[in-house]
Amino acid sequence: MLIRTEQTPNPATRKFLPGQAVMDGGTRDFADAEAAEASPLAKALFDSGMVEGVFYGSDFISVTAAPGVSWTDLEPLVIETLLDHFVSGAPLFAPGSAAGIHIASEADFDEDPADSDIIDQIKELIETRVRPAVAQDGGDIAYKGYKDGHLYLSMHGACSGCPSSTVTLKRVIESLNLHYVPEVETVEAV
């Protein structure tokens, strides 16, 4: 088995491609060791003491190095951990738990029902144009709400804490929304 590694725009995060499906549907973000308890693979990565975040996409795993950790030291350990996991056929999530189920609330803001057409356009744009592009960089973006011309999104995986995420939000996503959904005045990360 060969695991490909790709750099992401976030220098602290690398994208690992095992050449097979990781998640059958959706994504999962492990922002700390406590959250990683739900997944033996994420837990093993955090147990190294050199990992600050793990993110599962459909066919990739993004790993964020802890501050001060060199990828020269961490990358071989991550590849070894991933190889052990995938070759052994171990489950991605701990048995007997609902930990693999991750249902994020659609909106975290009280939305005006009169904005439902705008919200549907925004969600379609995110699903068809934004999320696939962000996944290429080892991350994900989720709709959190729309209110009074302000679009709220959350960034995950390689996008979380990435120095260029502000540029992604402001230049790419905001300009796409302004072009296709002119009601969107600003885009903000939450």
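**Salt bridges, helix and core**

Guide: Asp140 pairs with Arg131 in a salt bridge, with the closest N and O atoms 2.7 Å apart. Bear in mind that this is a predicted model.

Visitor: Is Asp140 buried or exposed?

Guide: Asp140 counts as buried, because its relative accessibility is 6% and the cut-off for buried is under 20%. Arg131, at 23%, counts as partly exposed.

Visitor: How many salt bridges does the structure hold?

Guide: It holds 6. One of them joins the side chains of Asp47 and Lys43, at 2.9 Å from N to O.

Visitor: Where do Asp47 and Lys43 lie?

Guide: Both are in helix α2, 4 residues apart, which is about one turn of the helix. Asp47 is exposed, with a relative accessible area of 54%. Lys43 counts as partly exposed at 30%.

Visitor: OK, packing now. What's in the largest nonpolar core?

Guide: That core has 24 residues. Phe30, Val54, Tyr56 and Ile61 have the most contacts inside it. The elements giving two or more residues are α2 (40–47), β4 (51–56), β5 (61–65) and α3 (71–88). α3 gives the most, with 5 residues.

Visitor: And what is Phe30 in contact with?

Guide: Setting aside neighbours within four places in sequence, its contacts include Ala42, Phe46, Val54, Tyr56 and Phe93. There is also a second, separate core of 17 residues, which includes Val130, Tyr146, Leu153 and Val184.

Visitor: Back to α3. Which residues in α3 are buried?

Guide: Trp71, Leu74, Val78, Thr81, Leu82, His85 and Phe86. Seen down the helix axis, the buried residues fall within an arc of 120 degrees, so they line one face of α3. On the other side, Thr72, Asp73, Val87 and Ser88 are exposed.

Visitor: What covers the buried residues of α3?

Guide: The cover includes β2 (13–17), α2, β4 and β5.

Visitor: What caps the N-terminal end of α3?

Guide: Ser70 does, with a side-chain oxygen 3.0 Å from the backbone nitrogen of Thr72. After α3 comes Gly89, which has a positive phi, near 75 degrees.

Technical notes:
Residues numbered from 1 in each chain as written. Predicted model: local features only at pLDDT ≥ 70, side-chain atom pairs only at ≥ 80, totals over all residues. Heavy atoms only, no water. Core = buried A, V, L, I, M, F, W, Y, C linked by side-chain atoms within 4.5 Å. Buried < 20%, exposed > 50% of the residue type's maximum accessible area, 1.4 Å probe, protein only. Contact = heavy atoms within 4.5 Å. Arc of directions from axis to C-beta. Polar contact = N/O pair within 3.5 Å; in protein donor to acceptor, adjacent residues only side chain to side chain. Salt bridge = Lys/Arg side-chain N within 4 Å of Asp/Glu carboxyl O.
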